[in-house]
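Student: Could we go through the side-chain contacts and the surface of this protein?

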Amino acid sequence: AQPMEDTKLIVEPEDISAFDRDLGINSAMHYTFSGRGSDYRYFKLNGSSGEIYLKSDISKNEFTQPSTLVIKATQVDNPDRYSVTTLTVSRRFSVFSGDLSFSHHEYSASVLENMPLSSVILTLVTNRQNDQSVQFSIDPLDLPG
């Protein structure tokens, strides 16, 4: 199943929340996104509750990498009092039930002669970054020369 519009995000280990530290006053909080970036287009934030929802359906080819959102909670009666937190958002493994796909159609890397054994030569980005069962190997017959 692909993520659908208005789906509430599951935030772990606990929901986003802030509170007035002045005992007994308990002023209301207002939540806003405080960061910038293209991934914010996928999300909407309930200003009163801090709950985050999907703005629209997300296809299996979109939002393939984790993203960090910056959330600001401001005390309504005193905007000089606020707190900022970050939330890393990623797809759950179960949404990757389709075919494995790569972010680029072609990858290329050069290797120095004196590169140590077990060095990382190339990082391949797929739609299953969190899937520990995905492994790659290079067949020597596929190498040039």
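This is a predicted model: local features need pLDDT of at least 70, side-chain atom pairs count only at pLDDT 80 or more; totals for chains, interfaces and linings use all residues.

Student: Which side chain meets Lys-8 in a salt bridge?
Tutor: Side chains of opposite charge can pair when their charged atoms come close. The count here comes to 1 salt bridge. Its N to O distance is 3.3 Å, and the partner of Lys-8 is Glu-51.

Student: How many residues apart in sequence are the parts that this pair ties together?
Tutor: Lys-8 lies in the segment before strand S1 (29-33). Glu-51 sits in the loop between strand S2 (43-45) and strand S3 (52-54), so the separation of the parts is 43 residues.

Student: Is Phe-43 buried or exposed?
Tutor: Buried means under 20% relative accessible area. Phe-43 has 2%, so Phe-43 is buried.

Student: What is the geometry of the ring pair Tyr-42 and Phe-43?
Tutor: A search of the whole structure gives 3 aromatic pairs. In one of them, the ring centres of Tyr-42 and Phe-43 are 6.3 Å apart. Planes over 60 degrees apart count as edge-to-face. These planes are at 70°, so the pair is edge-to-face.

Student: Which residue lies over the face of Tyr-82?
Tutor: The distance to look for runs to the ring centre of Tyr-82. At 4.3 Å from that centre lies Lys-72.

Student: What is the area of the nonpolar surface patch that includes Ile-121?
Tutor: Ile-121 is in the segment after strand S5 (82-89). Its relative accessibility is 48%, so Ile-121 counts as partly exposed. Val-111, Leu-112, Met-115 and Leu-122 make the patch with Ile-121, and its area is about 450 Å².

Key
Residues are numbered from 1 along each chain as its sequence is written. Side-chain values use heavy atoms; hydrogens and water are left out. Patches are made of residues with over 30% relative accessible area and no salt bridge: like charges are joined within 9 Å, nonpolar side chains (Val, Leu, Ile, Met, Phe, Trp, Tyr) within 5 Å. Accessible areas come from the Shrake-Rupley method with a 1.4 Å probe; for residues, only the protein chains shown count as cover. A salt bridge is a side-chain nitrogen of Lys or Arg within 4 Å of a carboxyl oxygen of Asp or Glu. Helices (H or I, at least four residues) and strands (E, at least two) are DSSP runs, numbered from the N terminus. Buried means under 20% relative accessible area, exposed over 50%, partly exposed in between (1.4 Å probe, protein chains only). Rings of Phe, Tyr and Trp (its six-membered ring) pair if their centres lie within 6.5 Å; planes under 30 degrees apart count as stacked, over 60 as edge-to-face and the rest as tilted. A charge sits over a ring if NZ of Lys or CZ of Arg is within 6 Å of the ring centre and within 35 degrees of the ring normal.
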